[in-house]
Amino acid sequence: MSFHAISYLAPNWLEFYQAVTLYLGRVLGCQADLMVGECDPLEDSRLYEDAIDLAFICGLPFVRYGRIRPRQFSAIAAPVMQAERYQNTPIYFSDIIVHAESLFQTFSDLANSTVCYNDPGSNSGYYLLRDRLIQEQRPQFFKHAIQSGSHQRSIRWVIDRKADCAAIDSTVLEQEFRVFPELAHHVKIIESSRSCPMPPIVVATHLGNPVIEQIQSALLHPDSELSAAMASMQIQRFAAVTTEDYATIADLYDDVTNSCFSQL
């Protein structure tokens with residue numbers, strides 16, 4: 001038996017996803033390999049061919065793909081971060097960042113500024129930002145919107161003043177500050193979004209219920225090696241989740257796409 005996992009999430013978490021994949025290989029007693037998604041999940045032929053056993057994926061593409069191919073994947077677990085803001089639940093936020101020396105103090109101050117975003121399919125970098133624009137009730141809020149290609153690049157574009165602001169997944173931002181602590185001195189957070197369900201670990205239903213239950217149990221009860229990897233990422237534990245837990249993201253996506261005030 002071989003086990004094929006893929007990550008569509010931020011590169012600065014990739015080493016951790018590798019640790020999870022290797023751990024599951026040990027649990028299942030098989031070769032487990034991790035691939036890196038190089039395109040939008042909704043455009044990845046490997047998903048449509050049902051060639052993936054497990055995916056680390058943002059909640060938004062997960063629910064959008066589920067509308068195309070219902071019941072192919074099931075959400076089984078998601079990380080719970082240690083920091084107090086996460087309230088011992090599998091949630092994250094989108095942090096609106098600006099340069100530490102800028103005069104921006106509130107989101108409304110960003111009117112007519114230049115925003116950058118990682119990807120037009122991203123919940124944290126794009127749709128949560130568009131959701132926030134609905135509150136402003138202005139058809140055109142930002143002067144310019146430019147795509148950076150990644151959260152890490154968006155952070156550096158704000159620091160280099162190529163853009164005035166960006167919306168960054170809070171867990172990605174925190175990890176980037178752990179790896180490059182000097183960056184924290186050049187960035188300030190002026191606002192955070194409402195909480196969203198943490199990106200899930202999803203498994204293919206073709207594995208069958210016994211294997212799926214074995215994988216979920218293994219994640220909820222990690223061995224010492226995986227526990228050490230979790231601690232290095234400031235993950236407190238894995239929590240059991242279900243596909244239905246991501247309905248709130250589907251609702252947000254529908255509200256944003258139907259609003260005339262949400263365009264970047």
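Tutor: A residue is called buried under 20% relative accessible area, exposed over 50%, and partly exposed in between, with a 1.4 Å probe and protein chains only. The model is predicted, with local features needing pLDDT of at least 70 and side-chain atom pairs pLDDT 80 or more, while totals for chains, interfaces and linings use all residues. Residues are numbered from 1 along each chain as its sequence is written, and side-chain values use heavy atoms, leaving out hydrogens and water.

Student: Is G29 buried or exposed?
Tutor: G29 sits in the loop between α1 and β2 (31-36), where helices (H or I, at least four residues) and strands (E, at least two) are DSSP runs numbered from the N terminus. Because its relative accessible area is 66%, G29 counts as exposed.

Student: How far apart in space are G29 and S122, C-alpha to C-alpha?
Tutor: Along the sequence, G29 and S122 are 93 residues apart. In space, from C-alpha to C-alpha, the distance between G29 and S122 is 34 Å.

Student: Which helix gives the most to the lining of the largest pocket?
Tutor: A pocket is an open set of points on a 1 Å grid over the protein atoms alone, where a 1.4 Å probe fits and protein lies on both sides within 12 Å along at least five of seven lines; lining residues have an atom within 4 Å of a point. The largest one has a volume (space filled by probe spheres on points joined across faces, edges and corners) of about 770 Å³, and of its 41 lining residues the closest to its centre are Y8, L9, A10, P11 and N118. At least two residues of this lining come from each of α1 (14-28), α3 (59-68), α4 (123-136), α5 (151-159) and α6 (170-179). With three residues, the helix that gives the most is α1.

Student: How many residues does α3 give to the lining of the second largest pocket?
Tutor: This pocket holds about 220 Å³ of space, and its lining has 14 residues, of which F62, V63, G66, R67 and T243 lie nearest its centre. Both α3 and α9 (247-257) supply at least two residues of that lining. The most come from α3, and their number is five.
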